[in-house]
Amino acid sequence: MQMRHKLAALVEESDARFRVDRAVYFDPEVFEAEVAAFFEGGWVYLCHESQLRSPGDYFSTQMGRQPVFVTRRKDGSLGAYINACAHRGATLVPLQSGHVSAFTCRFHGWVFGLDGRCIKIKNQDTGGYLDADCRAQFSLTPVARLESYRGFVFGSLRADVPSLTGYLAGTKPWIDLMVDQSLQGLEVLPGSSTYVIQGNWKMQAENGVDGYHVSTVHRVFANTMANREAKLGLTGMQRTESGRLTGNVASAGYDFGNGHMAIWAQHTEPSRRPIYEQKERLERDLTPDQVDWILNRGRNLYLFPNVLLMDNPSTQIRTIQPISPDRAEVTVRCVAPIGESQAARSARLRKFEDFYLTTGMATSDDLAALEATHLGGYGRAARWNDLARGGAGFLRGAENKDAARIGCVPQTSSENWDHEAIYRGFYRNWKQRLLDADVTT
Ligand code: FES
Ligand SMILES: [Fe+2]
């Protein structure tokens with residue numbers, strides 16, 4: 001079937017209804033189109049600049065199925081290249097991260113500089129190369145576009161994409177709320193956790209900004225934390241901020257366009273958050289509205305297609321790598337304001353372990369729910385995922401005065417994170433991008 005006809009049948013919307021055929025999580029043709037259009041055809045989050053502090057530091061990852069690495073060059077700028085030797089294609093960077101003075105291929109020993117240029121061909125003089133300057137022909141292939149926004153590094157394998165700031169659009173004030181927590185910016189902390197989910201990559205994208213599940217899935221976490229805190233006599237930042245997990249607090253969901261989505265919920269006891277010790281500094285340097293948003297609201301931001309930035313009692317960067325229609329690899333890293341106190345850093349890491357690690361007590365519950373939706377999706381006779389909640393009565397753009405306090409203009413928003421209106425924006429973008437990329441339509 002032509003993709004245009006397939007997509008028309010997969011997303012059904014009217015004023016009262018918005019539903020998505022569960023085939024979007026299973027169809028191999030859709031998956032291939034997604035990888036080509038989004039992960040290998042548009043902006044993809046790669047890494048954070050703090051992971052590449054010195055010339056020669058590198059970080060390897062994938063864009064869709066293509067292995068790439070980012071490195072800090074001698075002049076301090078960043079470069080990104082396809083992770084394949086220019087000779088016969090061996091991956092050049094074998095580890096996820098490290099430090100080198102030059103990239104030496106393990107196969108035949110060719111050497112490449114930090115700027116991607118070939119600087120040595122083993123036994124070049126006996127190779128019979130006709131061109132004495134043959135090394136110039138063997139530079140690494142650069143990633144077509146590489147740009148950063150306030151330390152977050154993105155790449156695109158296609159050159160004909162808009163600027164990164166144009167792509168991020170209305171999400172920038174949300175990113176700023178994380179970065180402005182320290183005058184020195186953010187740093188990704190050592191260590192990460194990677195796991196494979198039995199489900200489609202979009203399930204992780206949806207789950208990361210799904211406020212509706214919190215009071216069911218994470219009630220157990222909140223109760224467990226409360227019991228632990230009482231038993232151990234924990235105080236201050238050692239305690240968990242869990243009011244948003246169980247109570248009726250102010251909240252909202254935003255559709256930023258381009259597939260980007262976000263939710264926030266009010267904290268009932270913000271002083272338990274590690275950032276709270278910075279209150280006076282923040283009040284000196286930022287507007288009262290920015291400080292309010294930073295200290296008093298837990299925020300989850302999803303940047304299409306592959307990264308979630310979460311700023312709750314702990315803080316994380318969560319990346320999503322599609323493997324197949326029914327598998328995705330997820331990696332979580334703790335990110336923190338540079339220069340926070342030892343007590344705050346320690347509290348942030350303990351809260352990260354409690355909630356965000358798969359060995360913790362909340363993400364494991366998320367995964368059980370996510371994988372249940374995957375299993376249920378095999379019931380093809382029951383075809384639709386309903387996403388109609390909050391579809392009526394959402395706010396358009398500048399109608400959201402609360403968001404405007406931080407210079408943020410979402411395309412649409414709901415004044416309740418229980419609503420699912422944000423997914424309308426996600427799936428409209430998803431469908432349009434697939435249509436735009438499809439040569440068969
Ligand atoms: S494949 Fe790298 S030197 Fe031959
Ligand atoms: Fe969750």
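A residue counts as buried when its relative accessible area is under 20%. Cys 408, with a relative accessible area of 2%, is therefore buried. Cys 105 is buried too, because its relative accessibility is 5%. The model is a predicted one. The count of disulfides comes to zero.

Two packed helices are described by the angle between their axes and the distance between the axes. Helix H1 covers residues 3-10, and helix H2 covers residues 28-39. Their axes lie 11 Å apart, at an angle of about 105°. H1 and H2 are therefore roughly perpendicular to each other. On the H1 side the contact uses Met 3, Lys 6 and Leu 10. On the H2 side it uses Glu 29, Val 30 and Ala 33. By class, this contact of H1 with H2 has four nonpolar and two charged residues, and no polar ones.

Helix H14, residues 422-437, packs against H2. The angle here is about 85°, and the axes are 10 Å apart. H2 is therefore roughly perpendicular to H14. H2 contributes Val 30, Ala 33, Glu 34, Ala 37 and Phe 38. H14 answers with Trp 430, Arg 433, Leu 434 and Ala 437. Seven residues of the contact of H2 with H14 are nonpolar, two are charged and none is polar.

H14 also packs against H1. The angle is about 175°, with the axes 10 Å apart. That angle is over 145 degrees, so H1 counts as roughly antiparallel to H14. Arg 4, Leu 7, Ala 8 and Leu 10 of H1 make this contact with Trp 430, Lys 431, Leu 434 and Leu 435 of H14. The residues of the contact of H1 with H14 divide into six nonpolar, two charged and no polar.

Now turn to the strands. Strands of a sheet pair through backbone hydrogen bonds, either parallel or antiparallel. Strand S1, residues 11-13, runs antiparallel to S2, and three bridges join them. The link from S1 to S2 is a hairpin of four residues. Glu 13 has Phe 18 in S2 as its bridge partner. S2 also pairs with strand S21, residues 384-386. This pairing is antiparallel as well, again over three bridges. Within it, Val 20 has Asn 385 of S21 as its bridge partner.

Which way do the side chains of S2 point? Phe 18 and Val 20 point one way from the strand, which spans residues 18-21. Arg 19 and Asp 21 point the other way. All four residues are buried.

A separate stop is the open sheet of three strands, ordered S8-S9-S10 with antiparallel pairing. Strand S8 (103-104) and strand S10 (118-120) are the edge strands, each pairing on one side only. Strand S9, residues 111-112, pairs with S10 over two bridges. Phe 112 stands opposite Cys 118 in S10.

Finally, look at helix H10, residues 288-296. Which of its residues are buried? They are Val 291, Trp 293, Ile 294 and Leu 295. The buried residues of H10 pack against both helices and strands. The helices are H4 (172-179), H9 (279-285) and H13 (401-404). The strands are S15 (251-257), S16 (260-266) and S17 (297-303).

Definitions and conventions:
Residues numbered from 1 in each chain as written. Chains lettered and ligands numbered in written order. Predicted model: local features only at pLDDT ≥ 70, side-chain atom pairs only at ≥ 80, totals over all residues. Heavy atoms only, no water. Buried < 20%, exposed > 50% of the residue type's maximum accessible area, 1.4 Å probe, protein only. Pairing = 2+ DSSP bridges. Contact = heavy atoms within 4.5 Å. Axes fitted to C-alpha atoms, helices over the stretch in contact; angles between N-to-C directions. Parallel < 35°, antiparallel > 145°, perpendicular 65-115°, else oblique. Nonpolar A, V, L, I, M, F, W, Y, C, P; charged D, E, K, R; others polar. Disulfide = S-S within 2.5 Å.
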